[in-house]
Structures are given as C-alpha cells and as structure tokens.
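Here are my notes for you. Keep the structure open beside them and look up each residue as you read.

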2 protein chains.
Amino acid sequence: MTSILIIDDEPQIRRFLQIGLSSQGYQIFESPNGGQGLSIAALEVPDMIILDLGLPDIDGQDVLKQLREFYSGPIIVLSVRNSENEKVTALDSGANDYMVKPFGIKELLARIRSLLRLYGDKQAISPVFDDGNLHIDLANRRVHVGEDEVKLSRKEFDLLRMLMTYSGRIVTQQQLLKEIWGDSHAEDSHYLRIFIGKIRTKLGDDPSNPKYIETEPGVGYRFLPTV
Amino acid sequence: MTSILIIDDEPQIRRFLQIGLSSQGYQIFESPNGGQGLSIAALEVPDMIILDLGLPDIDGQDVLKQLREFYSGPIIVLSVRNSENEKVTALDSGANDYMVKPFGIKELLARIRSLLRLYGDKQAISPVFDDGNLHIDLANRRVHVGEDEVKLSRKEFDLLRMLMTYSGRIVTQQQLLKEIWGDSHAEDSHYLRIFIGKIRTKLGDDPSNPKYIETEPGVGYRFLPTV
DNA sequence: ACAGGTTGTCAAAAATTGATAAATGCCATT
DNA sequence: AATGGCATTTATCAATTTTTGACAACCTGT
C-alpha cells in the first residue's frame, strides 16, 4: 500500500487531507510539527511526503532541506503564501511541487498520481532472489538455474512467488491453496504436492535435503532464505 | 545543451519564454500550433516540452496525449484557465506540471530545474528500436524490416508500441486488452492472439523461437530488448 | 512390526490456452 | 453504390497445463 506522510500544524488541513487521501487507498502518517515529521519520515520511509511550510517548531524550508538529506521520494510543499521567492526556494531545495492553499483535493490527488507515476517506474528494481545458482525475478517472471532459463507455468510461478514473498516463514497449505486455487479448493492439498514436486524438479531441489523449498509436515512449506 | 520545446500560439508568450529560458542557457525550439509541435518533438526530441493548452489547430489535451505516445520526457502544461478539472485531466494524461497564466518566470525556471533534476540521467527511453534488421520509430509510426517498410494497422501498431514501451518486462493480457480494446473487452484474449499473430508475421517472427515478441503462457507477452 | 495418516512420484485424461486460416461485417473513401 | 482495408467473428488444430487417479515411501505412535 502506498503511504503518505502529512506534516502540517493545522488540524483541519490534516483532517481534510486524511479523509481525501485515505479514501483513495493511501496509508496516512501525520505529524503536527517538523521535528516529529522528520523522525516519522526516517522511521517509516513513506512513499511520499506532503509538507506545509508554516510549522510551529522548525522553519519549513529547513525541514525540507533536512528531509532531502536522507529522503529521496517525492515531496509536495504546501503554503498559504503565493510568493514567487518562496516557491523558487522550495523547489530548488528539492521540493517536487508547490501548492498554494486553499487548493482542491482533486488537483492534489492528480499531482500525487503524477509524481508517484514518475517515481514509480524509476524504482523499477524488482524483487530478485539470487544465490549464485538460482535466480528468480518476480516482476519479470523469469527464473534461471545457472545459465539456463527455466519455464514455469502460471500456477507453478504463482506458488513459487507466494513462497518467496514469505521467504523464511512457513506458508500453510490452506493459505497457498486459497490464494492460488481459490477458496473452493482449500482442502485439495494433493494439488500442492504435485506442483511443489514440479517446481522442485525444475529447480533441481530435493525434498529430503532441500536447498530451496522445505516441507513442514502437516503444516505447509517454507522457502529457505539465502544463508 | 538542454533543449526545451515551446508550443504556444501567443507570440508574446513565446517571446517572454524565449528570453527567459535562453538567458539560462537552454536551447529553445518553438511552435505556434499543435501539429508542428508534434513533429518538432518527434524530430528534435527536446529534453523538455512546455505546452499551452489553448492551441488554434488541435485541442491541447489531445496534443498532450499524442506527445505521450512517443515522448517520455517532462512536460509542463500552461493554461489561462484555472480550472481544477482541466488540471486533473492534464496531469492524468501525463503532464508533469500545470501552471496558470500569468506566472512568474522565476517560478517557471524553478519548476523546470526541479523536473530536469528529477528526470536527470533517466534520459528519455529512446522512441526508436533498431537491431540492424528491425527498425521501429514510435513517433513517426514507421516500421521497417531490413530495407522494406512494413505497414501496421492502428491496433497492430498500438499493440507493438505498448509492448515496446514496457520492453523487457511482461505486459499482461488484461493490460493490453484494456488499453487497446477498452475495459469491455478485457476478457477477449482471443483478439490478442490474432493481432500478435499478424504482427509476428509482418516482422518475420516465430512464436516458438521468438526474436521480438515472446509469449508468457497464461499471462501475457513481452518485447525482447536487443541483447 | 503394523495401522493410519501424510507426503512424493508417475502417468494418462480432461481442460485450457495458443496459433493460424478463413469468412464475415464495418466503415471511410472514392 | 462499389471498393479496399481493417476489425471482428468463427472455426480448427496443436501444445501445454491442470486435474484426476493410482501407488510407493515415509513418518508416528502403539
């Protein structure tokens, strides 16, 4: 889920943004001042920050500069002042957009989408597993063993992906079955054995001495993280 | 040198921008209308485009959409109308910023710097594919195999373009169908096979041993980047 | 050692998906 | 109204995947 941090001292603005943004499915963090905002940004690493320049504790432009020392995501700056100098300073300090209050929520949402789109494919680093032998690229649906590409069918790949995303942890048979075959097949653990078997064969894995997929009898399976 | 294309019908605005921007060392291209603007964008591939929505020949929003079919750099939209709907439409059609006239040159320069910084090294994905045999020019809708021009129909070309813009990554059947045939045909994967087939024939590609378009069974298709 | 349950493997049947050809219908241009 | 190009529909065959069923191996507690 995409998360957005709002740093603004006015409770009514925070509330306005909270409602407008969370209704679009964004997860919201809030801070009424600069200090707390900086620590939330550092701790939670939101996907985007909306920063009001008029803050009670630290000057907004300073907050912006400090954010940019460690935060590389998009930042939208809000201000009541329609001052060209302030805009220039903010944009040159690393803000990606500057909006003058009051503004319409639709415009804000459109600018958020625009920035997320831009940053989105920039961080197109897809989750990849690689231990020197096995290479799995989840986003591109590619699996290699050594130099050779391994072709996995849709269900095989879905299964492997689910195990990989819970890497190191057990995924129960029911979870796997419900996710991949649907609720109606939640009991058909037979399917699992067959498909896990196919994947193991293709990856060159041995159930009794597993390198990648370990059976947890009576419970489920676990993808072993690289040691 | 960084180049910027200005598409605006008002001579005084063009002059205002010409002076303000070239004084900062940008190289300026100008067009007083949409049609010429599109061809300059295709020919010169500027580092940024500034587009006025009120154009005499083509509707500005249409120019924007057509630009986005082949141009991936930053686009700033100008308008005399401070309409929220227009802003939302423009931003969702791929504009990176929207400024209401009149505006200050300093603010514009700051926004230009901000966008160029953001796009930075990400330099526009080349709108041309060429591997020595196949040559695809997205901007001019031209495809050549060897010396011969290959004529693709509208849907064929749209399909190829979409695969090319996600080059190397998989594009799902649903994505392709929704984008090209519309939401109502999101299930008709049948269409896809036929059109992919046509394209493959025209490009001289073989599905079982693909040079250009690879099938990912059950999922979608992938345009193979030049190795 | 044995029963009962679970797990892994194999192979064939059934279902889905993909590629391609050909017929039909639509629409803009002339 | 005729034409030609394109999109859509229909049909068919091939390939792959998924499901099904049968069976051996294994663990666990008695």
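Which residues come nearest to DNA strand C? Find them in the view, then read on.

1. **DNA strand C.** First, a caution: this is a predicted model. Now the answer. There are 20 residues around DNA strand C, and Gly197(A), Pro207(A), Thr215(A), Pro207(B) and Thr215(B) come nearest. Helix H8 (189–203) of chain A gives two or more residues to this surface, and helix H8 (189–203) of chain B does too. By class, the surface near DNA strand C has eight nonpolar, eight polar and four charged residues.

2. **DNA strand D.** Turn to the other strand. DNA strand D is surrounded by 19 residues. The closest are Ser153(A) and Lys155(A) from chain A, with Ser153(B), Arg154(B) and Lys155(B) from chain B. The elements that supply two or more residues here are helix H6 (154–165) and H8 of chain A, together with helix H6 (154–165) and H8 of chain B. The surface near DNA strand D divides into six nonpolar, five polar and eight charged residues.

3. **Where the chains meet.** Chain B has 21 residues in contact with 20 residues of chain A. On the chain B side, helix H4 (84–92) and helix H5 (105–119) each supply at least two residues. H5(B) gives the largest share, seven residues. What is the make-up of this side of chain B, by class? It has seven nonpolar, four polar and ten charged residues.

4. **Nonpolar cores.** Nonpolar side chains tend to be buried together in soluble globular proteins. In this model, the largest nonpolar core has 52 residues. Ile49(B), Leu51(B) and Val77(B) have the most contacts inside that core. Take Val77(B) and look around it. Leaving out residues up to four places away in sequence, Val77(B) touches Leu51(B), Leu53(B), Leu64(B), Ala90(B), Ala95(B), Asp97(B) and Tyr98(B). A second core is separate and has 31 residues. Ile4(A), Tyr26(A), Leu91(A) and Ile112(A) are among them.

5. **A four-strand sheet in chain B.** Follow the order S6-S7-S8-S9: this is an open sheet with antiparallel pairing. Why is one side of S6(B) and of S9(B) left without a neighbour? Strand S6 (128–130) and strand S9 (148–150) stand at the edges, and each has a single partner strand, so one side of each has no neighbour in the sheet. On average, neighbouring strands are turned by 20° against each other, direction ignored. S6(B) pairs with strand S7 (residues 134–137) of chain B over three bridges, in the antiparallel sense. To see one pair, find Val128(B): its bridge partner in S7(B) is Asp137(B).

6. **A three-strand sheet in chain B.** This open sheet has the order S10-S12-S11, again antiparallel. Strand S10 (170–172) and strand S11 (213–216) of chain B are at the edges with a single partner strand each, so one side of each lacks a neighbour in the sheet. The twist averages 30° from one strand to the next. S10(B) and strand S12 (residues 220–223) of chain B run antiparallel and are joined by three bridges. Within S12(B), Arg222(B) is the bridge partner of Ile170(B). A helix belongs in this picture as well. H6(B) packs on the sheet and touches S10, S11 and S12 of chain B. The direction of H6(B) makes about 70° with that of S12(B).

7. **Cis peptide bonds.** Check the bond between Lys101(A) and Pro102(A). It is a cis peptide bond, with omega about -5°. Pro102(A) sits in the loop between strand S5 (97–100) and helix H5 (105–120) of chain A. In chain B, the peptide bond from Lys101(B) to Pro102(B) is cis, with omega near -5°. Pro102(B) is in the loop between strand S5 (97–100) and H5 of chain B.

8. **Positive phi.** Val45(B) is not a glycine, yet its phi is positive, about 45°. Look for Val45(B) in the loop between helix H2 (34–44) and strand S3 (48–52) of chain B. Is Arg141(B) in a loop or in a strand? Arg141(B) lies in the loop between S7 and strand S8 (142–145) of chain B. Arg141(B) has a positive phi of about 50° and is not a glycine either. With 17 C-beta neighbours inside 10 Å, Arg141(B) counts as partly exposed.

Conventions. Residues numbered from 1 in each chain as written. Chains lettered and ligands numbered in written order. Predicted model: local features only at pLDDT ≥ 70, side-chain atom pairs only at ≥ 80, totals over all residues. Core = buried A, V, L, I, M, F, W, Y, C linked by C-beta atoms within 7 Å. Buried ≥ 20, exposed ≤ 12 C-beta atoms within 10 Å, placed from the backbone. Contact = placed C-beta atoms within 7 Å. Near = placed C-beta within 6 Å. Nonpolar A, V, L, I, M, F, W, Y, C, P; charged D, E, K, R; others polar. Pairing = 2+ DSSP bridges. Axes fitted to C-alpha atoms, helices over the stretch in contact; angles between N-to-C directions.
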